[in-house]
There are 2 protein chains.
Amino acid sequence: MNDTVKSIATLLKDLDGILIFPHINMDGDALGSSAAICLALRSLGKKAYIMINEPVPKNLDFLECGCTTDDDSLLDEVQLSLMLDCNGMNRIIGREDAWNRGKLKGCIDHHMSKSTDIRFDFVRTEIKAAATGEIIYNLIRALGVPVSLDIANCIFAAITTDTGNFQHSNTTARTHDIVGHLHKIEGFNSKAISALIYDRKSKEALHMETEVLGNLNYYADGKVAVGRITQKLLAECGCTMDEADGIVPRIMSIDGVEIGCLLKETEMNVRASLRAKTYANVERIAASFGGGGHILAAGCSFDMPIGEVESLLSPKLEAAL
Amino acid sequence: MNDTVKSIATLLKDLDGILIFPHINMDGDALGSSAAICLALRSLGKKAYIMINEPVPKNLDFLECGCTTDDDSLLDEVQLSLMLDCNGMNRIIGREDAWNRGKLKGCIDHHMSKSTDIRFDFVRTEIKAAATGEIIYNLIRALGVPVSLDIANCIFAAITTDTGNFQHSNTTARTHDIVGHLHKIEGFNSKAISALIYDRKSKEALHMETEVLGNLNYYADGKVAVGRITQKLLAECGCTMDEADGIVPRIMSIDGVEIGCLLKETEMNVRASLRAKTYANVERIAASFGGGGHILAAGCSFDMPIGEVESLLSPKLEAAL
């Protein structure tokens, strides 16, 4: 099943009372896409909210746009629960009750990994879309909603973060075509949005980054590099985990590194962010541990101490070279 | 005087024996633009070379494309000397004799600052072009030369480096339109080019970056940040100055920093790279010291010890807030 953007637009026009669900550990694409479609639906006079149960990362705060809530009782009736940038219940943990209120269930996503635990009424998956934001942009156009400056900022944030600023291999001519359109919108300023996303790093976060990069473990003659953020390091630097954004690309910038891995010790588990520079398939590794993502960028979680995760994971990373 | 791309294309078609001059301390735009037009001219059967007298930065080595030389005697006759991404003799120091061999002199550039020490036969200046690479792309189209994969790689490198990966305020709809076209060329892979430019940082360079970022001087309550690379630091880290690429954006990523400055102590002088995050005009400061650039990104040089440069420059940076 893969519905068209046009058919989804037609359906949305007849609905009211919409809860939008970005994935846990929300990123720029999950939140930016959610805010863009929420603003578009509201401009059509509909009641819509983004349902979250975790703090919005500081560098993405401008994407809330008055749309986020942790209180689904703001809606008397939920005609649609819409999952964005993900497709399984394990990606909206803690929001199951709100999700189940939707009479219809929909999904718009660009990830390869597919969960089968939800019976969606409609699904739009474009694995060639660089970001869910690309699909949302086309959906907003199909809805006939003018792209406001606020919507443009959300779409830009979604796309630029998910493409590594238009460098990653998921970037296509369509990606540039869409962002070219955003630039034509009165008042659009990529630099201002970019500065909000990337240029508000605290001195503490800079210190943490330095510590992680100064203590990488290398495997396979330096082709694999593994960094670690422990709860202890967070406490020492006075940082929260969402300030770790931007460390993975630094690991990938090192000469000779093909696979980079950042292990994040949260209070619940250990999350692994995996990246490949050019040829290795890290999606396969992530999937083998119940995670997912794309060939060159994926992630998975572990319920064991961080040292054991590194011992378990590093031979798999070497084997993927 | 501002000639059209079309008229320059018409002129170029009748010329042979062309020397191309990127600016000193060549960057991705200077070298990428030079290589793109050199390859295009050669594809028309013309003799053309890029005239340089300094090593190509390691991360830009793939842009040489067999076009660079320090020996202008490879051409018996020089019908055109073409200056790219700059417009004054002070930007091609040490190459004056080769420059003077050109019967015609041309200039293609996108910088605001204008030198008056050369009588050009044609000039194309587009200060709204994000990169000289944009103008060169249009010139190559006007020449009727098919954009080969090699040319596409050069144009992409020129544009992505000069726009800070499509984040800087110089980025326009046209920028994205051009790069969208590049993505349609068979075999084009932005990630592969990006990895060559950005992801070959040596561990030594990473160490140097950590040292610079750990020893920034802040002024004006943290709104101004100044970093320094001395010859001593280079020696300690085992680095060359061209490995300092990428440190300035790191300085700009710090919360609250509006103006960032990186002072580089070379064997000849001290170079200052100036950046503003959103509103300050650093081009004016650079120009007041005989340098130039753009409002948010500029540079200048000093013939005095690095400590004195910082004492002289930092009050000017504070005053520009």
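Domain bounds come from an automatic or database domain assignment, and for chain A that assignment gives domain 1 (5–198) and domain 2 (203–319). The model is a predicted one, in which local features need pLDDT of at least 70 and side-chain atom pairs count only at pLDDT 80 or more, while totals for chains, interfaces and linings use all residues. Residues are numbered from 1 along each chain as its sequence is written, and chains are lettered from A and ligands numbered from 1 in the order in which they are written.

Taken over C-alpha atoms, the centres of domain 1 of chain A and domain 2 of chain A are 27 Å apart. Ten residues from domain 1 of chain A and nine residues from domain 2 of chain A take part in their contact, where two residues are in contact if their C-beta atoms, placed from the backbone, lie within 7 Å.

In chain B, we can turn to B:His110, which sits in the loop between strand S5 (104–109) and strand S6 (122–125); strands here are DSSP runs of E with at least two residues, numbered from the N terminus. B:His110 counts as buried because it has 23 C-beta neighbours inside 10 Å, the cut-off for buried being 20 or more other C-beta atoms within 10 Å of a residue's own. Leaving aside neighbours within four places in sequence, the contacts of B:His110 include B:Thr125, B:Glu126 and B:Thr132. Between the C-alpha atoms of B:His110 and B:Cys300, which lie 190 residues apart along the chain, the separation is 17 Å.

Notes. Helix = DSSP H or I, 4+ residues; strand = E, 2+ residues; numbered from the N terminus. Buried ≥ 20, exposed ≤ 12 C-beta atoms within 10 Å, placed from the backbone.
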